[in-house]
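Let's take a short walk through a protein model together. Have the sequence and the 3D view ready, and follow along one stop at a time.

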Amino acid sequence: MATRVVIIGAAGRDFHNFNTTFRDNENYQVVAFTAAQIPDIAGKKYPAELAGKLYPDGIPIVDEANLGDLIVKEKIDQAVFSYSDISHEALMHKASLVLAKGADFKLLGANQTMIKSNKPVISVTAVRTGCGKSPISQKIAQLLREAGKTVAVIRHPMPYGDLRKQVWQRFASLEDLKKHECTIEEMEEYEPHINNGMLVFAGIDYQKILDEAEKEADIILWDGGNNDFPFYKPDVDLVVVDPHRPGHELKYFPGETNFLRASTLVIAKVDSADPEKLAILEQNIKEHNPKASVIRAGLKIDVDDASKIKGKRVLVVEDGPTLTHGEMPYGAGVLAARKYGAASEVDPKPYLVGKMKETFETYTYIRGLLPAMGYSGQQVKDLEETINKTDCDTVIIATPVDLRRILNIKHETCRVLYSADEVGKPDLADAIKPVL
């Protein structure tokens, strides 16, 4: 009898775990995926075209809220947890529910899920969403290009559309973002790399993605999502930690996995960190991963027109996932508002509409700024309406993607630009020397 499995996911790691461990494996029968964190995923199917010969009808994706009933009704033997950025406490609550219903609770590790590349791999991951990983990835890509290397940036999956069209995707221009009908969340990760002249790959089947990327690149750069660990076996493994949230590197899954396994830890945002919090983080590194090399980096913040901030009532629009499941109370936009002398930061709550109102009901700790939520067309529409209804002088766009390309914003706008700026030695150039 095949072991009956449910994969607990969020449209990313869950699909990868299925592809590397369960697809075409007759010892298992995957009954369903569950969905969390990302709206509008539940109710879809993992299509037959991707599921393999054992699943001619595909595999249903159901709401995680129904997990307990699903285990009982479908006589599930094993629940495999497969998404990221969850507190250890919340993770064990899920494990307890699974065990209470009679099933096993399982986590898959690196040996079973990491794919070996024929090319050198540099991975950049983090201990939480919003640590400042993206500027680090972009800086490394630039250093590799300056060294004469062709780089393929492979991004952690965000397949929120038609899964049959997202088996593997290649992005070389902004036009490719339209071609693949990318959400704001996808554009936020792909656009900065594209603007820097990099090739970006993403999708669902990460063996096929790797096969395509290896045709064009000397080096693979794994650009991780949330605080997940890499899908590819890295030759150089950098993990970004956040001095604004000391202790989180030990309290969230699988961020602690990254923290403990890292050969190099990058402490980001040191220029804006509280010295006492920075000291706590440094002590945790000494206690839990003393062999890791430590790089310190600031986050250099600029705006395209600071005159639109000084003395103005500003609405700050920040990266969505950083504020939601990343739980950051602010980002680069708030730092820019304060650096350049805004008169006040306008609270958008009175002006929320539709899906944006739902976001604030779910993430009740968000205050005084607006997350750029864009997982669906309706969310994008509601984001635009909320911004335009808000009584402010200037909208500060602090998202990696320029929202002015996507939204019709009626207010004055300025955009925050940020980049990694290492402090002292060792630096990122030192970290990547093993693959050069």
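Does Asp85 count as buried or exposed? At 5% relative accessibility, Asp85 counts as buried, because buried means under 20% relative accessible area, exposed over 50% and partly exposed in between (1.4 Å probe, protein chains only). A word on the source: this is a predicted model, where local features need pLDDT of at least 70 and side-chain atom pairs count only at pLDDT 80 or more, while totals for chains, interfaces and linings use all residues. Residues are numbered from 1 along each chain as its sequence is written, and side-chain values use heavy atoms, leaving out hydrogens and water.

You will find Asp85 in the loop between strand E5 (78-81) and strand E6 (86-87); strands (E, at least two residues) and helices (H or I, at least four) are DSSP runs, numbered from the N terminus. The Asp85 side chain makes polar contacts with the side chains of Arg128 (2.5 Å) and Thr129 (2.4 Å). A polar contact is a pair of N or O atoms within 3.5 Å; within protein, one must be able to donate a hydrogen and the other to accept it, and residues adjacent in sequence count only if both atoms are side-chain atoms.

Now look at Asn289, in the loop between helix H11 (275-288) and strand E16 (293-303). Asn289 also counts as buried, at 7% relative accessibility. A polar atom of its side chain lies 2.8 Å from the backbone oxygen of Phe259.

Finally, visit helix H8 (residues 184-195). Eleven of its twelve residues are buried, among them Met187, Tyr190 and Pro192. After H8 comes Gly197, with a positive phi near 85 degrees.

Notes. The expected span of a helix is 1.5 Å times one less than its number of residues.
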